[in-house]
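Hi everyone, thanks for making time.

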Amino acid sequence: MNERASGELRELNIYPGFTEMAAGSALVCAGKTRVLCTASVQEGVPPFLRDTGRGWLTAEYAMLPGSTPQRKARDGVKKDGRGVEIGRLIGRSLRAACDLTRLGERTIYIDCDVLQADGGTRTAAVTGGFVALCLAVQKLLDEGRIVDSPVVRQVAAVSVGIVKGAPTLDLDYALDSRAEADVNVVMTRQDGEMAYAEVQGTGEGRPYRREELDALLDLAQAGVERLMGKQLEALGEAAGVIGRKPVLVLATGNFGKVKELRAMLGGRFDVRSMREMGAEMDVEETGETFEENALIKAEALMRATGCAALADDSGLMVDALGGRPGVYSARYCGVHGDDEANNQLLLKELENVPEPRTARYAAAVALCRPGLEPLVTYGTCEGEILREYRGEGGFGYDPLFFSDDLQMTLAEAAPEAKNAISHRARAVEKLLKLLEGEDA
């Protein structure tokens with residue numbers, strides 16, 4: 001006789017690290033149901049993902065011979081159809097928790113073996129498989145094999161059904177065998193928001209109405225939220241792999257630029273400098289445009305670090321000089337980074353050019369992420385070139401560049417005012433809009 005209230009879960013225990021050989025493992029005990037979930041990691045991906053930079057996750061499910069009162073035969077050459085279908089469900093559910101571009105070209109295998117079956121084995125496998133997955137990811141991070149956690153959201157699953165006309169949570173075999181409707185619900189949670197990854201519903205005894213389905217889904221969500229609490233308890237510190245910001249390394253050693261970009265991008269990324277990532281590199285800028293040079297640097301840094309990389313290339317473009325110095329702005333005089341010599345050469349070349357000597361600062365920003373297409377944006381700051389220096393701040397051509405927006409030179413402007421209208425800020429703003437579009 002079932003003594004649980006219709007809205008109660010069965011007694012649930014999750015034992016993390018139940019086996020020592022797999023990268024991650026968990027034994028899930030839901031009532032009398034026992035499912036052992038293990039996560040194994042192998043380098044390489046299926047053929048359809050080779051050379052894409054993306055990883056893969058797949059799952060297999062099996063009921064062991066002694067899991068039921070009548071011996072269950074082991075899978076032979078021909079796989080048990082039900083087991084294959086459930087394995088696919090588990091794989092889909094756990095992939096819904098992941099951004100596999102952060103895994104690199106490696107595969108995580110989730111194996112779910114039912115030691116004892118008393119209903120709800122597939123949902124227990126999803127719930128326990130997620131714990132095993134997180135433990136495997138923590139090990140990859142600890143070993144330095146990946147930089148970012150691919151686990152972007154939490155996932156768990158539960159069964160619900162209509163038993164004697166009442167919505168009932170977490171069906172064991174006795175309840176499932178006499179349920180009028182049976183629904184398996186897989187849900188995710190990200191930033192506190194719950195969403196559905198999969199809903200499998202069947203009218204076992206009769207069709208069910210929309211209001212009954214709504215009641216079942218409400219009951220399932222309440223159950224899944226409690227299961228997610230159990231997952232976090234089992235994971236302990238390893239729960240920190242869930243929903244971490246991706247690392248973004250900046251292709252610059254300029255502390256001011258790092259600070260500026262961290263303020264702009266810190267809400268979405270864990271922004272780090274090259275030094276913080278231990279990446280010391282000097283990439284030759286062979287492009288003919290700002291966009292090409294930014295992309296060259298970002299791609300090289302992404303390959304070196306294995307994580308997202310952002311680079312920019314910027315300079316001054318003077319209309320009277322046909323857009324020069326352009327990509328050669330930092331080495332206009334022939335020596336890289338000699339601001340005074342660059343400014344004196346600019347004044348000399350514009351000596352006989354009448355006002356307004358229109359010009360603009362231009363910047364291209366390139367974001368490269370493993371397994372994804374690069375994003376490149378472009379921004380400008382309009383103004384004109386004066387005949388004498390004004391202001392003590394800034395760098396480069398700032399003392400000669402009179403900003404249309406600020407009505408002063410960039411060397412006269414406060415850093416906050418300059419950053420608000422800068423060519424780089426405008427390019428980054430466009431980049432953020434592209435990233436927001438990806439989320440939509």
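**Cavities and overall form**

Let me begin with the lining of the second largest cavity: 4 nonpolar, 1 polar and 5 charged residues. Here Ala, Val, Leu, Ile, Met, Phe, Trp, Tyr, Cys and Pro count as nonpolar, Asp, Glu, Lys and Arg as charged, and the others, Gly among them, as polar.

A word on the source: this is a predicted model, where local features need pLDDT of at least 70, side-chain atom pairs count only at pLDDT 80 or more, and totals for chains, interfaces and linings use all residues. Residues are numbered from 1 along each chain as its sequence is written, and side-chain values use heavy atoms, with hydrogens and water left out.

Now, what counts as a cavity? On a 1 Å grid over the protein atoms alone, it is a set of points where a 1.4 Å probe fits but cannot get out, and lining residues have an atom within 4 Å of a point. Points are joined across faces, edges and corners, and the volume is the space filled by probe spheres set on them.

Back to the second largest cavity, then, with a volume of about 50 Å³. Its lining includes Y61, A62, M63, R74, D75 and D80. Strand β4 (56-63) and helix α1 (81-95) each supply at least two lining residues, and β4 has the largest share, 3 residues. Helices (H or I, at least four residues) and strands (E, at least two) are DSSP runs, numbered from the N terminus.

How many cavities of 30 Å³ or more are there? The count is 3. Two or more residues each come from β2 (24-30), α2 (121-142) and β6 (154-163), with α2 giving the most, 3 residues. By class, this lining has 8 nonpolar, 3 polar and 3 charged residues.

Stepping back, the protein has 9 helices and 16 strands. Its C-alpha trace spans about 100 × 45 × 35 Å along the principal axes. Of the 440 residues, 49% count as buried, meaning under 20% relative accessible area with a 1.4 Å probe, protein chains only. And among contacts (heavy atoms within 4.5 Å) with a separation of 6 or more, 65% join residues 24 or more positions apart.

Technical notes:
1 Å grid on protein atoms, 1.4 Å probe; cavity = no way out; pocket = protein on both sides within 12 Å on 5 of 7 lines; lining within 4 Å. Buried < 20%, exposed > 50% of the residue type's maximum accessible area, 1.4 Å probe, protein only.
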